[in-house]
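Student: I've got a model open and would like to talk through a few of its local details. Can we take them one by one?

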Amino acid sequence: MTKAGPVGVGIVGAGMISDFYLENLTRFPDIRVLRIADIDAERAQASAEKWSVPSAATTDELLADPDVEIVLNLTIPAAHAPVSTAALEAGKHVWSEKPIAVDRESARALVDLAAERGLLLGVAPDTLLGRGWQAAMRAIRSGAIGAPLTAVTSFQWQGPDWFHANPEFLFTQGGGPIFDMGPYYVSALVHLLGPIAKVAATGRTGQPKRQIRLGARKGTEFLVDVFTHVSFLTEFEQGGAAQSLLSFDTALFRHGVFEINGTEGTMFLPDPNRFDGEIRIARPLEKFERPIEQQWETIGSAGPEAGRGLGVLDMARHIRSGGSHIATGDLGLHVLDTLITVEESAMRGEFLSVQSSVEPVPSLPEAFDPFQAAL
Ligand SMILES: NC(=O)c1ccc[n+]([C@@H]2O[C@H](COP(=O)([O-])OP(=O)(O)OC[C@H]3O[C@@H](n4cnc5c(N)ncnc54)[C@H](O)[C@@H]3O)[C@@H](O)[C@H]2O)c1
């Protein structure tokens, strides 16, 4: 039977990020959060109570519920592929936190399984569906900086062991700045400059051991088995080029540096890990004279009308209307493939070709309103 109206969602993984999703998903009229599951049953129960979700469940109960149409996979990276596979096999559409998986084969298998079953697979980040990034991308596509050519991006600080009470997953396979923060920056680069053809990277591990800085396990030491400072160059299929830094190893806190150089200006874009931000354009100098007088234009600043969950909402609306949502599994696969290639390049000290590609990424319609019922 074809369903109509709001789309039922079940969440697997009631950890730190789940609150950010729930804050929005419980307010979108086109979504109904029906169940929350976690291997830690108490955590699922506490979250269901906090957000007035009708049921805390086991993952099996959640997957057996015919009213759950989308499974939101908010588990840790190593569990993404197994949980998403089980959900697709149970006939559910899936939205997964990033990265889609921790290896290429599992990611490819997920994309194929979703296609085979006629189900939608979506992968974070959905920050790029926020008002800030959508406004910036519309401006670029309407020629605000001429033809976009190259990009400079930087994300750097001392690392997430300073804010996460269970940070070990961020310093092991599927984590590190490459896989934790890389998805935001590389997805944004693909949105703007198209699929990636080649990368060259260097990587370092600043500290082989770290310490948990907060929470019940404060003071616990753990081993770091990933690069924590990575610089990489990117060549795009359509000719663009970018240079990027991803680091958990600098005292300096500098997040969200994202600049695109076009033939007629350099645009400073919002932080790709946020839903808001200012968009400014530097115009070419009219004359070369000290002091340098750069002309700046502020294109606008976009407030965070809604945050995490926009990608789930976009998917939900496409489940009812047909067609493809924006943050697809294909994009998640290409981003993961690129990030693994970055890691391999840093290990081997060579330029490496990226094997996968992806279709150009569309934008949301300008009138997209998460709080206006559309279903
Ligand atoms: N914390 C953040 O600020 C943040 C921001 C953006 C994205 N993310 C992404 O969100 C995901 C989750 O991160 P988090 O910070 O919430 O982690 P977390 O460790 O706080 O929470 C993960 C939860 O998943 C549960 N879980 C693990 N394996 C499971 C399984 N097989 N079945 C059911 N439950 C399982 C854990 O018990 C835990 O409650 C990660 O992919 C991370 O990259 C986190």
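This is a predicted model: local features need pLDDT of at least 70, side-chain atom pairs count only at pLDDT 80 or more; totals for chains, interfaces and linings use all residues.

Student: Let's start with α4. What span is expected for α4 at 1.5 Å a residue?

Tutor: Helix α4 covers residues 77-89, which is 13 residues. From first C-alpha to last, α4 reaches 19 Å. That is close to the expected value, 18 Å.

Student: On to the ligand. Which element gives the most residues to the shell around the ligand?

Tutor: There are 24 residues around the ligand, and Met 16, Ile 17, Asp 38, Arg 43 and His 164 come nearest. By class, the shell has 13 nonpolar, 5 polar and 6 charged residues. The element that gives the most, with 4 residues, is α4.

Student: How much of the ligand's 820 Å² does the protein bury?

Tutor: Look at the polar side-chain atoms facing ligand oxygens: Arg 43 has one at 2.6 Å, His 164 one at 2.7 Å, and Lys 98 one at 2.9 Å. Taken alone, the ligand exposes 820 Å², and the share buried by the protein is 87%.

Student: Now Thr 75. Which side chain makes a polar contact with the side chain of Thr 75?

Tutor: Thr 75 sits in the loop between β4 and α4. Leaving out residues up to four places away in sequence, Thr 75 touches Val 12, Gly 13, His 80 and Val 83. Glu 97 is 22 residues away in sequence, yet its C-alpha is 7.5 Å from that of Thr 75. The polar contact, at 2.7 Å, is with the side chain of Asn 73.

Student: Last one: is Asn 24 buried or exposed?

Tutor: Asn 24 is part of helix α1, and its side chain reaches the backbone oxygen of Phe 20 at 3.4 Å. Not counting residues up to four places away in sequence, Asn 24 touches Ala 306, Gly 307 and Arg 308. The cut-off for buried is under 20% relative accessible area. Asn 24 has a value of 6%, so Asn 24 counts as buried.

Notes. Residues are numbered from 1 along each chain as its sequence is written. Side-chain values use heavy atoms; hydrogens and water are left out. Helices (H or I, at least four residues) and strands (E, at least two) are DSSP runs, numbered from the N terminus. The expected span of a helix is 1.5 Å times one less than its number of residues. A residue is near a molecule or strand if one of its heavy atoms lies within 4 Å of it. A polar contact is a pair of N or O atoms within 3.5 Å; within protein, one must be able to donate a hydrogen and the other to accept it, and residues adjacent in sequence count only if both atoms are side-chain atoms. Accessible areas come from the Shrake-Rupley method with a 1.4 Å probe; for residues, only the protein chains shown count as cover. Ala, Val, Leu, Ile, Met, Phe, Trp, Tyr, Cys and Pro count as nonpolar, Asp, Glu, Lys and Arg as charged, and the others, Gly among them, as polar. Contact means heavy atoms within 4.5 Å. Buried means under 20% relative accessible area, exposed over 50%, partly exposed in between (1.4 Å probe, protein chains only).
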